[in-house]
Amino acid sequence: MSKPADEKDLVQAVVLADSFNSRFAPVARSLPRALFPLAGVPLIDYALNCLADAGVHECIVYCRSHYKSLASHLASSPQSKRFATPPVVRKCPPTVSSLGDAMRDLDQSRLIKNDFILAPADLVTNANLAELLAEHKRRRVKDANCLLTLVMRSTTGGFNASALMQAQERSFIAVSNADTGCLRMLSPAAMDKLGRIRLERAALLSCGRSRLWTGLIDLGLAVCSVHVPPRFTDEFDYRSLDDLVRGVLEHEEILGHTVSLHVLGGQEYACRVSNMNLYALVTRHLLDNWVYPMTPASMSGSRAATEHQVRQRNVYVSRLASVHRSARLEKSVLIGPGAQVGSGCHLVNCVIGSNCRVGDRTRLSDCYLWPGAVVSSDCNISRSLLCHNSTVLDDSQLTDRCVLTHGVRVGPSAVLTNFRLIVRSGRSEDSASTDEEVKQQLGKDSNAAVYKSAYSDRRDEAGDSDADSGPENDEDSVELEIWQTTLMADNVEYLSSESDSSSEAGNEVPPAEVGEDHFKRELLDVLQRAEQDKHPVDTMVVEINSIKHAFCVHIDRLKAILAYTILLYPLLKCEKDDESEDCQVEITPAEHFSQVKDCLENWKPLLKHYFNGFSSQDESLIFLRSFEDACCDRPQPLMKCALVLLRYFYDTDLCEEAAILSWNSEEGSHPNAGELRQCVARMIQWLQEASEESD
């Protein structure tokens, strides 16, 4: 493909090769997720293939870690040769920790000249992106304020919709204009206890002829105008596309920007490989030709037609592989070049990478062996991943989602089950368990240990990790499970993203020191200045965002501290005026409620800005937990006015019935949390009775 003579016709794409989370740690320490073998092909090649098919001339690949590995791969990848110019790998500064930071860096670099396609490196799709780009340009002619076209996948129809839906971490509901596609509302599809989904009346009324979408999958894919990177620069607290879309929808009347929605469906396949469940599912779909015209044969390079023998029931065998005649390849199997499969083996739903070896009489089901992996004789392995150069010795059993990281050896007679993540022992960056029972399970010749974050049995745990644990937390204290579809920690975006500190110096982002006490004092100053000088909400947002970034406060902690400070504002203001932290301010419950009510009425738009309009139960729960913290920390006078405050939250739509009942069912982290629930018992009883009557 040649580069167009007119720069206006230049088609650009930005591929994010860094996911900015630690979902695949520690697997991704030595190999970035973008280079994970998916059906024998590096994951990023699927995204590059789709972009090349769309007629993209220039591709910018952003990464924060493993820069050399990505650059080396792209230099030799057959997909890179399909662009007018080879893809440019741009190494992000160490301070980049989110998509928003990457967009701000992109804005400063001045590399974007026209509307561009934004895609993650872990996206696998056969959608016609050229048509999407053309549609976006036609829409921009009619509406010059269209900032971007957000692309999502519907799971309410088409092939394998239910399987895709079950493997997703979350789904969305949306309301758009049926004629123009202009997006009016987008929120996670969270239901209350009665199975109801909250819809914004204003979004429906402003649409004209509206269309309701349910079961939408976020692909991280968008067709963006040249104004998107500058918008991230202007709004320096935006960290994701979700933040940008929410900001545009909330401030459309002020800024005039709009967002369009395009929903893929039918035979258009699209899915992100964001966890191991999806890795297994997308691999199976590739082997079963659900992503046609992308198949294991077509993605293998220029010699694809001669490299693989395609047999019945979607079995692909490289002509350079050695498979014993008595081996049984049942269905959906890919065997790469240089691989050896011994006699009496039984393989089903498996990928055997290049130069792997499978011993005699071994059974593999739903297994994925990366290049160089070895499985000895008489082994039984199911639903597991064996990374590069890992080894399973004789008579071993691995079942129910085990992962062996790079260079691990287990066995002989190893027995591993139930979400075991196995790492090499002795690595300082891996926190692992090596007690005697575990050593017996790993086998006498093992060089491995069980990674702690996968060792504990989380199925008996209820609830997430502390949302206010900051970036200073060690990785072994963060409950992550690469197979499960639910993140067990809210702060994963802070973790060093899939970086290998030993391979490339300077890739890791040093943990920020969070001074919450200083932040609380600064926030109180902002509220006092706003009260005295009658600052508008927009001015307050700018000031709060500036101190948020100055003290590296996570957005969820910001919400909790903001609600806490407003609920205690009359007390905190008096104490500050007296310049004594130990001063006992005399204020009656009635006076405190009256003053807090005034604060909530004045600053309700501010709360709605940060709490996303209280559109989801999760947002309301953060507010209610801050209410509990305030009441328990300052029982006089808050405990005595807790009932009327909670009723006020309900009457003013700050908290819905389902959120209040869910909060009440929590145990609470304070010693006097039970006393608070006794104070509001009448309100809870009334809500429960109303809920039963509606049933």
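**Aromatic rings**

I began with a group of rings: Phe611, Phe614, Phe623, Phe627, Phe649 and Trp663 make up one aromatic cluster. For a pair, I took rings of Phe, Tyr and Trp (its six-membered ring) with centres within 6.5 Å; planes under 30 degrees apart are stacked, over 60 edge-to-face, and the rest tilted.

Before going on, I noted that this is a predicted model, where local features need pLDDT of at least 70 and side-chain atom pairs count only at pLDDT 80 or more, while totals for chains, interfaces and linings use all residues. Residues are numbered from 1 along each chain as its sequence is written, and side-chain values use heavy atoms, with hydrogens and water left out.

How many aromatic pairs does the whole structure hold? My search gave 14. I looked at Phe24 and Phe36: their ring centres are 5.2 Å apart and their planes stand at 85 degrees, so I wrote the pair down as edge-to-face. Phe24 and Phe36 both lie in the loop between strand 1 (12-16) and strand 2 (37-38), so this pair ties together parts that are 12 residues apart in sequence. Helices (H or I, at least four residues) and strands (E, at least two) are DSSP runs, numbered from the N terminus.

Are Phe24 and Phe36 buried or exposed? Both are buried; the cut-offs are under 20% relative accessible area for buried, over 50% for exposed, and partly exposed in between (1.4 Å probe, protein chains only).

Then I went back to the cluster. Phe611 and Phe614 have ring centres 4.9 Å apart and planes at 5 degrees, so that pair is stacked. I found both Phe611 and Phe614 buried.

**Charges over rings**

I also checked for charges over rings (NZ of Lys or CZ of Arg within 6 Å of the ring centre and within 35 degrees of the ring normal). Arg677 lies over the face of Trp663, 4.6 Å from the ring centre. The charged end of Arg647 sits over the ring of Trp686, at 4.8 Å from its centre.

**Strand 6**

Next I picked strand 6 (residues 116-120). Five of its five residues are buried, so the strand is largely enclosed by the rest of the structure. Phe116, Leu118 and Pro120 are on one side, with Ile117 and Ala119 on the other, and both faces are covered.

Which strands does it pair with? I counted two strands as paired if DSSP finds at least two bridges between them. Strand 1 runs parallel to strand 6 and is joined to it by five bridges; Ala13 has Ile117 as its bridge partner there. Strand 11 (residues 210-224) pairs with strand 6 in the antiparallel sense over three bridges, and Val223 in strand 11 is the bridge partner of Ile117.

**Cores**

A nonpolar core here is a set of buried Ala, Val, Leu, Ile, Met, Phe, Trp, Tyr and Cys residues joined through side-chain atoms within 4.5 Å. The largest has 72 residues, and Leu38, Ile44, Tyr46, Leu51, Val124 and Leu129 have the most contacts inside it. Helix 10 (residues 276-287) gives the largest share, eight residues. Domain 1 (12-192 + 199-272) and domain 2 (303-450) both contribute residues, so this core lies between them; the domain bounds come from an automatic or database domain assignment.

I looked up the contacts of Leu129 (heavy atoms within 4.5 Å). Leaving aside neighbours within four places in sequence, Leu129 is in contact with Cys50, Leu51, Ala54, Ile117 and Leu221. Apart from this core lies another, of 61 residues, including Leu558, Leu571, Phe649 and Leu676.

Last, I looked along the backbone. Tyr292 and Pro293 are joined by a cis peptide bond, with omega about 15 degrees, and Pro293 lies in the loop between helix 10 and helix 11 (304-307). Gly411 and Pro412 are also joined by a cis peptide bond, with omega about -5 degrees.

Arg313 is not a glycine, yet has a positive phi of about 60 degrees. Arg313 is in the loop between strand 14 (308-311) and strand 15 (315-318), and counts as exposed at 51% relative accessibility. Asp653 has a positive phi too, near 65 degrees, and at 46% relative accessibility I put Asp653 down as partly exposed.
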